Amino acid sequence: MTSSCDVRISDLGLGRIICWLCCLLSSYCLAGQAAAADLRIADDSSYALSGHFVSLRNAGPELTLAQALARNDEFNGANAQSLSATNFGLTRDEVWLHLEFTTSDSVPERWLLEVAHASLDRVDLYFSEQHGEYQHQHAGDLLPFSAKTLPHRHHLFELDLRPDQQYSLYLRVTSQGTLSVPVTLWQPDALWVSDQISYSFLSLYYGLACGLLIYNLFLFFSLREKLYLIYVAFVAFLALGQAGLAGLVGQFIWPNNALLTHLSPTAGVSLAGLFGAIFVQRFLGGTPRRMKMHWVMPLIGIMFTLTFLCTLFVSYFAGALAVNITSLMFAFTALIMSGVSLYWRCPGARFFVLAWIALLVSILVMALHNLGALPSNAFTANALLFGSAAEMLLLSLALADRINSIQHAQDMAQQEALAVNRDMLSALRDNERQLETRVAERTLALEAANVQLQQSKKLLEQQANHDALTGLANRKLLNDRLDGARLRAKRNHSSFALMMIDLDWFKAINDQHGHPAGDRVLIEVANRLKAVLRDVDTVARVGGDEFVLVIESVANHEALTMIRHKVLQTVLQPIHLNADVWVSVGMSIGAAMYPDDAQDIDLLFSVADRAMYSAKPMRPMNAR
């Protein structure tokens, strides 16, 4: 014997080759049956059997043993290398597992077959020697714990084995929750030793949970802070859900009530999720609102509540599926919010982030296990137990850190207030005679500062809305004036004109006389344009030598033509630069009427712009 499970690899390979050569169509079925028959039981303390089962999933009516035997060729082949051979995830299918094994010439007589997933609804064992009659044993969490033949938190079946015999074993399993069937064959003493270790870890977990629960309950009574009571409810229901998954609810809490034992895992986790969502919302304070996510945790709490009600009154399967999905959403969202809180240095955020990282990893492992993507083992089956233990401890530290931070901030504020009061009293005693003078001086300083502030405000407004060179409106102010003109025109059923002006041959003035001369020309043109128009109209400079006029209450195009002629007549007069230098500029004008030419401002600009470029003359600059 080379291992605890002696699998004849050479025989298996030869059998597969022969089957493949004989008939390709039947090779998979024969290989599966061969794999199932290669297990040999000797005198080792335990044998992990999950990888040696062949399986049949039945989505139709329940099968009897005779019907399952008749469909023996439909069983899927065993895979001893598979990590999740008997983890079928969340399914309503009836699963049949079949295993054939032989015993060595020295094998102990009494063995215990353990199905280590306490929340399975029904487990039926059919066991027989070769060509013998099948013996039937029944277990499951729909059976009260007090009615079990072997009192154990998992499902146990007693097997009597004889040397040099071949045995056939069928397991029929159904569950509305996760259908995971981790099977181990134990010698009784070895199972007892294993149980001592597992119960020790469970005792540590529930001791931690009870300690945190009682401690935070005392804090609630002492401080009257509801956050601690919410945390107590979260810990209590999370511990209840874990007890249901571990098989402890039926063993210690409701040994005579199979229904409550059956509902406890999903119902307990759902209620824990509800109070966890409330706890996150209250603990993080303003963070969800600052992130505009203040609605997320209440929504998740509602989802957990609906999951709880669905578990109790509608469908346990739908509740089990919903609690896995909602738990993942909850953990991811809480982790994001806590990360932002940590970035913003909120009190208690560092432990809070670590707590939700631990819970997120455990929920992810649990969900992947429950959905059938991960195998059943001590870690995956109890991932939520490990993660929740770390989370509860870290959340308790987060609460303590939060209290410490708030208390420290209060102490600092109190000390600062006391120091300020001392300084104020000292200042009052030392400067009582000079108080009025200082108040007067401060009042004058404030008035001066206020005047300066008003001047700065006006200067900033001027700079923000006007052209620095000419003092005309800039593009920002122009847009505001256009919006106002459009609203007034709509309200009064009137019109206004948009006139675009481009100076011709202006570049030649810059080139010939320099940029200072060009600036003087622009200033003079701006002054002449303002002189032509009314105060209610707007003159804006939008580019180097480009101007825009907004003329309100223009009756028709004839009136606009008269205004255009007046602008040309005024602006085209020669401009004096210095002692004997006069220059003249040309002007191209394009005009459009609102709403006759366009009702959209951008389209109105386009009409005026096209008209301006159509009016461009082709004559040289007149300068003298």
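Arg172 is buried, with a relative accessible area of 3%; buried means under 20% relative accessible area, exposed over 50%, and partly exposed in between (1.4 Å probe, protein chains only). The model is predicted, so local features need pLDDT of at least 70 and side-chain atom pairs count only at pLDDT 80 or more, while totals for chains, interfaces and linings use all residues. Residues are numbered from 1 along each chain as its sequence is written, and side-chain values use heavy atoms, with hydrogens and water left out.

Arg172 forms a salt bridge with Glu62, and their closest N and O atoms are 3.0 Å apart. A salt bridge here is a side-chain nitrogen of Lys or Arg within 4 Å of a carboxyl oxygen of Asp or Glu. This pair links distant parts of the chain, 110 residues apart: Arg172 is in strand S10 (residues 166-174), and Glu62 is in the loop between S3 and helix H3 (65-70). Helices (H or I, at least four residues) and strands (E, at least two) are DSSP runs, numbered from the N terminus.

The structure holds 15 salt bridges. One of them joins the side chains of Asp93 and Arg57, at 3.4 Å from N to O. Asp93 lies in the loop between strand S4 (87-90) and strand S5 (94-103), and Arg57 lies in strand S3 (residues 54-58), so the pair links distant parts of the chain, 36 residues apart. Arg57 is partly exposed, at a relative accessible area of 38%.

Another salt bridge is formed by the side chains of Glu74 and Arg71, 3.0 Å from N to O. Glu74 is partly exposed at 40% relative accessible area, and Arg71 is partly exposed at 24%.

The axes of H7 (residues 258-283) and H10 (residues 316-343) come within 10 Å and cross at roughly 30°. Axes are lines fitted to C-alpha atoms, for helices over the stretch in contact, and angles run from 0 to 180 degrees between N-to-C directions. H7 and H10 are therefore roughly parallel to each other, a term for angles under 35 degrees. Residues in the contact (heavy atoms within 4.5 Å) include His262, Gly273 and Val280 of H7 and Tyr316, Ser327 and Ala334 of H10.

Key: Angles under 35 degrees count as roughly parallel, over 145 as roughly antiparallel, 65 to 115 as roughly perpendicular and the rest as oblique.
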